[in-house]
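Here is a friendly walk through a structure with more than one part to look at. Keep the picture open while you read, and find each piece as it is named.

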Amino acid sequence: MAELVLKVEDIKGYYKGSFGTVHAVDGVTFDIYKGDILAIAGESGCGKSSLAELLTGSPMPMLHYESGQVTVNEIPIYIPKPEDKSKLGKWRKEQEKLSNQTRKDVLCKIIGYVPQSSQDSLNPVKKIRKFILDVMKQRVGTKPKKQIKRSKEDIKYDTLDGQKVRINFKEEVLTRVREHLEKLGLSGDVLGRYPHELSGGMKQRIVIGISTLWNPLILIADEPTSALDVTTQKILIETFMHLREMGIVETIVYISHDIPTLAQICNKCIVMYAGKLVEFNSMDNIIHSPLHPYSQGLIHSIASFNPDGSAETDLNSIPGRPPNLRDPPEGCRFYDRCNQRMDICKEEYPPFFSPNGNDSSRVACWLYKK
Amino acid sequence: MVEEIIRIENLTKRYISGIIKQKETYGALDVSFDIKRGEILSLVGESGSGKSTVANMILRLLKPTMGNIILLGKNIKEYKIKKYYENVQGIFQDPYSSYNFFYKVDHVLNQAISHSLSWVDIAEKERIISNTLEIVGLRGTETLGRFPHQLSGGQLQRILLARCLLFKPRLLIADEPTSMVDACARAEILNLLKKLKDKSGISVLFITHDIGQAQYISDRVIVMKKGEIVERGPTNDVFLNPKNDYTQNLLASVPSIYRKWA
């Protein structure tokens, strides 16, 4: 049995603000084992990126943790919210402390996170080398220097790219970084360049390189290829495969709305709809025999390139639009758009059924009730 | 003999940068093709290949450096602007930016109709609008009288398509109309373009970077690279037996649900 890396139990995260409460992630449960490449698919606004942010333990300001638990490598990263309202203040302080701790211990070292369009966040007035040293400072606490007086400062050790390094020695760190970027197919001289001198694919690979410097157990990549050309996209996907072969990262969570791309690298897939997980299945099954009516609709609406021209089928789209997540319906959230709806769907949200009898595929749909 | 709608001859767009040391870049170089009546022609290529430059020149948004565009046997320089846009209309990538968010969506339709059919009375105009919306698969009660933020990207894009249809154009330039629309609404727009071609005989110049969509929708394709045409021909000839190295390379890197990269 493979080792459990990430366990997500009924996680809920809501956006709160003057616009009301948006139930962006509303009870998602799944496990990731070592060696899995998990795809998270779904249309825009279904909560893919919000889920990724919740997994990292420090969601963006508007997104609030509500309930549930995420366990990374047996480290819980949330404290359950107390029901007693008077204890909320104390809980908030504790959670903040834990989030800071998580950011230090878990992020980069256990979870690598590549946010959406992070290639644009490289500092335009700094060389890549300087940017990476800034990241080091954030992670380690002290900035790597050219020379340090042994009496003044203690030498700190850290593991970069699988090797022990004196983290506050600039030259040593940069050598390690250069080697790491070379493994990703970049030449060493990118360190001396500015972001505008690099192409989109190179920037994306640098960002992935920074996120994997500490050889994290699990890498979460949020739409890494969406702004790239097909040829660059292929190179990037090969980089991901390469990362696995080299043993830098073994487990990857790959978020995208582009199912043909997901089909190339992932072995398992989660389909999300309106903040809920509707189907968990192997990638091949999602493409060839999807279970949930939404997954079926999604697969049938993709115009995918067919290299032999044999399966010329008509595309069908799903009519309607997703429900308003400020006030989500009680029953199945796909009810209004579903072509196989039943009376029970409107009243009660379906639990997970396993039509194949084992735990490898789960679907939240009343059609599969035995 | 099928009627030829538009013919493009040696279209070139040159950009010059620098004052003392001048550098030339070609947005489009020696592009020639024609589109026949009731035909969907796809322009495919990676970003920066000059697809949109060609589209913008046909829509008269950019002035070509060299070359001719001949619409219905007449050079486009001889057309009056208003007359030209009755024959050629365009829809673009971002449906959200085509609307003024302070006006209701009816605004774009009303403006279009007052240009093309200014003499008809209000009741007739309303009838025409609701008929046109029906063609694009929308119901007037669901869309009219609403603001852009209340509608989805797919609906907004279809209203823009309805606006184009009010002019009864001969040629529609669709510049990546599906790339900002959700995957499940994408199929609807593609099917709609196919339906318009079959029923109304509108010719479409469909510009995309998505090979899958081009394969689904088009009769003929043109592959562009750095402003130049590298390969052209009927869809299945180009996509199933590509001759050019660049096309072969491009097609090999397209992700598909029907095959896996080795």
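In chain B, four strands make an open sheet in the order β2-β1-β4-β5, and the pairing is antiparallel. β2 and β5 (74–75) of chain B stand at the edges with a single partner strand each, so one side of each has no neighbour in the sheet. Strands here are DSSP runs of E with at least two residues, helices are runs of H or I with at least four residues, and both are numbered from the N terminus. Two strands count as a pair if DSSP finds at least two bridges between them.

Before going further, a word on the source: this is a predicted model, in which local features need pLDDT of at least 70 and side-chain atom pairs count only at pLDDT 80 or more, while totals for chains, interfaces and linings use all residues. Residues are numbered from 1 along each chain as its sequence is written, and chains are lettered from A and ligands numbered from 1 in the order in which they are written.

Now look at one pair in that sheet. How many bridges join strand β1 (residues 4–17) of chain B to strand β2 (residues 23–36) of chain B? There are ten, and the two strands run antiparallel. Among the bridge partners, S17(B) goes with K23(B), and I16(B) goes with E24(B). The hairpin of β1(B) and β2(B) has five residues between the strands, and G18(B) takes a positive phi near 90° there.

Next, find helix α1 (residues 51–58) of chain B. Is this helix mostly covered or mostly open? It is mostly covered, as eight of its eight residues are buried. A residue is called buried if 20 or more other C-beta atoms lie within 10 Å of its own, exposed if 12 or fewer do, and partly exposed in between, with C-beta atoms placed from the backbone. The buried residues of α1(B) include K51(B), V54(B) and I58(B). Just after α1(B) comes R60(B), which takes a positive phi of about 65°.

Chain A has its own backbone angles to look at. Most residues other than glycine have a negative phi. D10(A) is not a glycine, yet has a positive phi of about 45°. D10(A) is placed in strand β1 (residues 4–17) of chain A, and counts as exposed because it has 12 C-beta neighbours inside 10 Å. N215(A) is also a residue other than glycine with a positive phi, near 50°. Where is N215(A)? It lies in the loop between α5 (200–211) and β9 (218–222) of chain A. N215(A) is buried, because 22 other C-beta atoms lie within 10 Å.

Step back now to see the whole chains. The table sets out some values for each.

| Chain | Helices and strands | Span along the principal axes | Buried residues |
|---|---|---|---|
| Chain A | ten helices and 13 strands | about 75 × 65 × 45 Å | 44% of the 370 residues |
| Chain B | ten helices and ten strands | roughly 55 × 50 × 45 Å | 44% of the 262 residues |

The radius of gyration is taken over C-alpha atoms, and the globule rule is 2.2 Å times the number of residues to the power 0.38. Chain A has a radius of gyration of 22 Å, close to the 21 Å that the rule gives for 370 residues, so it is as compact as a globular protein of that length.

Finally, see where the chains meet. Two residues are in contact if their C-beta atoms, placed from the backbone, lie within 7 Å. By this rule, 29 residues of chain A are in contact with 31 residues of chain B. On the side of chain A that touches chain B, α6 (230–245), α7 (259–265) and α9 (293–300) each supply at least two residues. Which helix gives the most to this side of chain A? It is α7(A), with five residues.
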